[in-house]
Amino acid sequence: MPEAVYADLSRCIACHACELACERENKSSRISVQVVRGLAAVPVSCRQCETPLCAAVCPGEALSYGENGLEYDAEKCIGCRLCVLACPFGTAELRAGVVERCDLCQGKEIPACVATCPAGALFRAEVESLGGNTRTRRAERIKKALGNLPLPACGRENR
Amino acid sequence: MKESTRMLVPDAEKCIGCRACTTVCPEKLISFSEENNTRSISFPANCSKDCELCALACPEKAISFIFPDGAEKSRTNQKSQVPPESLTLDFELAPCQNCGTPFATIKELEKVKEIISEKVPLPPSGSFWTGLCPGCRQAVFREKQAETLIQARKF
């Protein structure tokens, strides 16, 4: 399953820092936060669909589903905007003949929005790993990052 | 006329009005404008001989070229053959079902819907989002995402 930027909505404070971070990284923002009925702030960016409709309608095969998820080849893009019209989430945009959508800050370990979010609401994950609370998820990730390193034991003997 | 006499011929039936050709034309000879509920794309009658970018870009393969190179022969009936002026195709724009802003040509949306229904298993509601502009699609998704949290915050 591909990874995407997800949000813990209960944490999002609609500060728009993610949008600025994205703009800094990608020239224009590919994530947008808006407040719904004054009660909940929701950031929306490309869902990195497993059956991407944008790629399905792409006549030039500029958007395709590869090993690393959804890939975009600007060289092959003809700028027809069909991807923009196919995306169910309205998260693809054509700017200056180039399709702009979240590519998880290609090449970066952590997407700029995730790294910036002061509320810790954004995270990059596979959809299966969702559920549970932020702490559990973070603990899981730390555990994964540590790999097989022995966990530090606590208690008197170790002092 | 020593210059190009090649004619650019768009196929009004095939063309969906996506504007790929307008983006790609290095001379910016193909232009478009939008007014009320109509998008108009203007094609020049002829253009530089060594460029086929628009035809290559066209997702519908709707652009072809005619070389009236038997120039001597065709000169007599050139008038009937050559459209002397640029050709303009008009496309009706579909309004967003939510906000009413015209956002795509009806033909573009039909094509997208057709491919989607062929290639992807659709939810029971069908491809409802194709009736919405990208901004309203985001809004619908956002609303759905927020539902649970809003309920929780009300109590």
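This is a predicted model: local features need pLDDT of at least 70, side-chain atom pairs count only at pLDDT 80 or more; totals for chains, interfaces and linings use all residues.
**Chain B in outline**

Let us start with chain B. Its secondary structure comes to six helices and six strands, and along the sequence these follow the pattern β-α-β-β-α-β-α-α-β-β-α-α. Of the 155 residues in chain B, 27% are buried. If you look at the contacts in chain B with a separation of 6 or more, 67% of them join residues 24 or more positions apart.

**Domains in both chains**

| Domain | Residues |
|---|---|
| Domain 1 of chain A | 1-45 + 112-146 |
| Domain 2 of chain A | 49-101 |
| Domain 1 of chain B | 7-94 |
| Domain 2 of chain B | 102-154 |

In chain A, the C-alpha centres of domain 1 and domain 2 lie 22 Å apart. Six residues from domain 1 of chain A and eight residues from domain 2 of chain A form the contact. On the side of domain 1 of chain A that touches domain 2 of chain A, you will find three nonpolar residues, two polar and one charged.

In chain B, nine residues of domain 1 are in contact with eight residues of domain 2. Strand 5 (residues 87-95) of chain B gives four residues, the largest share of the side of domain 1 of chain B that touches domain 2 of chain B. By class, that side has five nonpolar, two polar and two charged residues.

**Helix 1 of chain A**

Now turn to helix 1 of chain A, residues 17-26, where Cys18(A), Ala21(A) and Cys22(A) are buried. Seen down the axis of helix 1 of chain A, these buried residues fall within an arc of 100 degrees, so they line one face of the helix. What covers them includes strand 2 (32-36), strand 3 (40-44), helix 4 (112-116) and strand 8 (122-126) of chain A. Just after helix 1 of chain A comes Lys27(A), which takes a positive phi of about 75 degrees.

**Helix 5 of chain B**

Helix 5 of chain B has 14 residues, 106-119, which at 1.5 Å a residue should span 20 Å; its end C-alpha atoms are 20 Å apart, which agrees. Which residues of this helix are buried? They are Glu108(B), Leu109(B), Lys111(B), Val112(B) and Ile116(B). Around the axis they cover an arc of only 160 degrees, which puts them on the same side of helix 5 of chain B. The face turned away from that buried side carries the exposed residues Glu114(B), Ser117(B) and Glu118(B). The buried residues of helix 5 of chain B pack against helix 2 and helix 3 of chain A, together with strand 5 and strand 6 (102-105) of chain B.

**Where the chains meet**

The contact between the chains takes 28 residues from chain A and 27 residues from chain B. On the side of chain A that touches chain B, the elements giving two or more residues are strand 2, strand 3, helix 2 (53-57) and helix 3 (82-86) of chain A. Helix 3 of chain A supplies the largest share, four residues. The residues on this side of chain A divide into 18 nonpolar, eight polar and two charged.

**The nonpolar core**

In soluble globular proteins, nonpolar side chains tend to be buried together. Here the largest nonpolar core has 73 residues, and those with the most contacts inside it are Cys54(A), Val57(A), Cys83(A), Ala86(A) and Cys113(A). Leaving aside neighbours within four places in sequence, Cys83(A) is in contact with Cys54(A), Val57(A), Cys58(A), Leu63(A), Ala92(A) and Val99(A).

Conventions: Residues are numbered from 1 along each chain as its sequence is written. Chains are lettered from A and ligands numbered from 1 in the order in which they are written. A residue is buried if 20 or more other C-beta atoms lie within 10 Å of its own, exposed if 12 or fewer, and partly exposed in between; C-beta atoms are placed from the backbone. The arc is that of the directions from the helix axis to the C-beta atoms. Two residues are in contact if their C-beta atoms, placed from the backbone, lie within 7 Å. A nonpolar core is a set of buried Ala, Val, Leu, Ile, Met, Phe, Trp, Tyr and Cys residues joined through C-beta atoms within 7 Å. Ala, Val, Leu, Ile, Met, Phe, Trp, Tyr, Cys and Pro count as nonpolar, Asp, Glu, Lys and Arg as charged, and the others, Gly among them, as polar. Domain bounds come from an automatic or database domain assignment. The expected span of a helix is 1.5 Å times one less than its number of residues.
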